[in-house]
Amino acid sequence: MPLTFLTADRDLDDQAVDAAPLPHAGPDHWRRPYRPGPGRVGTAALFLLLASFVLLSAVIIVAAGALPAAAVCTGVALVIIALAVRFLRVGVWVSAHGLRQVELLRTTTLRWSEVTAVRTVQRPVRWLGLPRTVQGQALVVERRGGGALRTLVTDHNGDFMGRPEAFERAADVLEAWAAEYRR
């Protein structure tokens with residue numbers, strides 16, 4: 001009895017099935033043109049581990065009978081979970097509508113008509129977002145009417161540290177999206 005639902009190539013086994021596009025494959029849906037880096041995923045996993053310990057302590061506090069303290073612990077755990085999910089969403093997202101830069105506490109969205117250039121430049125960049133700078137590459141977006149958007153991605157941020165080929169691929173994809181939709 002073959003278990004085709006467990007294999008990665010299950011579509012190759014069944015030739016009668018048409019290759020249907022994924023629901024998020026359309027250009028109108030926001031997508032990140034690169035995968036989050038291992039540092040970002042590991043940090044979010046540590047936040048979720050911390051949240052599980054806080055939730056476990058809330059269960060122990062409920063068993064002890066102190067409901068207000070358990071509510072505080074549950075609230076703290078929910079905030080930690082929300083921060084972990086938001087930390088995973090940090091990055092650059094693109095669609096046919098424009099370019100979106102998601103940061104931990106704010107999001108900036110530009111329509112493609114507001115973008116004049118997306119290019120890679122060689123300059124000092126922050127190392128993992130810390131104040132220390134190193135020489136590296138950064139992908140910058142210039143807005144119509146002056147002013148540049150904050151640096152989108154660098155080869156030394158949490159997604160691309162130690163993965164220069166992934167940075168090059170992501171920069172090429174972002175520049176291609178800009179060239180295609182910036183009309």
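A salt bridge here is a side-chain nitrogen of Lys or Arg within 4 Å of a carboxyl oxygen of Asp or Glu. By this rule the count comes to four. One of them joins the side chains of Arg40 and Asp159, at 2.8 Å from N to O. Arg40 lies in helix 2 and Asp159 in the loop between strand 6 (153–154) and helix 4, so the pair ties together parts that are 119 residues apart in sequence. Both Arg40 and Asp159 are buried; buried means under 20% relative accessible area, exposed means over 50%, and partly exposed lies in between, with a 1.4 Å probe and protein chains only.

Before I continue, a word on the basis of these values. This is a predicted model, in which local features need pLDDT of at least 70 and side-chain atom pairs count only at pLDDT 80 or more, while totals for chains, interfaces and linings use all residues. Residues are numbered from 1 along each chain as its sequence is written, and side-chain values use heavy atoms, with hydrogens and water left out.

As to confidence, pLDDT is the predictor's confidence in each residue, from 0 to 100. The mean for the protein is 84, and 85% of its residues reach 70 or more. Helix 3 (residues 67–89) has the highest confidence, at 96, and helix 1 (residues 10–13) the lowest, at a mean of 51. Where pLDDT is low, the predicted coordinates should not be read in detail.

Next, the overall arrangement. The protein has four helices and six strands, which run α-α-α-β-β-β-β-β-β-α from the N terminus on. Helices (H or I, at least four residues) and strands (E, at least two) are DSSP runs, numbered from the N terminus. Of the 183 residues, 30% are buried.

Three strands form an open, antiparallel sheet in the order 1-2-3; two strands pair if DSSP finds at least two bridges between them. Strand 1 (91–94) and strand 3 (107–111) stand at the edges with a single partner strand each, so one side of each is left without a neighbour in the sheet. Strand 2 (residues 98–102) is joined to strand 3 by five bridges, and to strand 1 by four. A hairpin of three residues links strand 1 to strand 2, and one of four residues links strand 2 to strand 3. Gln101 stands opposite Val92 and also opposite Thr108 in strand 3, while Gly98 faces Arg111 in strand 3. Strand 2 is mostly covered, with four of its five residues buried.

Two further salt bridges deserve mention. Arg106 meets Glu103, with the closest N and O atoms 3.3 Å apart. Arg106 counts as partly exposed at 44% relative accessibility, whereas Glu103 is buried at 16%. Glu142 and Arg119 form another, with a closest N to O separation of 2.3 Å. Glu142 lies in strand 5 (residues 133–143) and Arg119 in strand 4 (residues 115–126), so the pair ties together parts that are 23 residues apart in sequence. Glu142 is partly exposed at 28%, as is Arg119 at 38%.

Finally, helix 4 (residues 164–181) holds Ala176. At 42% relative accessibility, Ala176 counts as partly exposed. Ala176 and Val118 are 58 residues apart in sequence and 9.1 Å apart in space, C-alpha to C-alpha.
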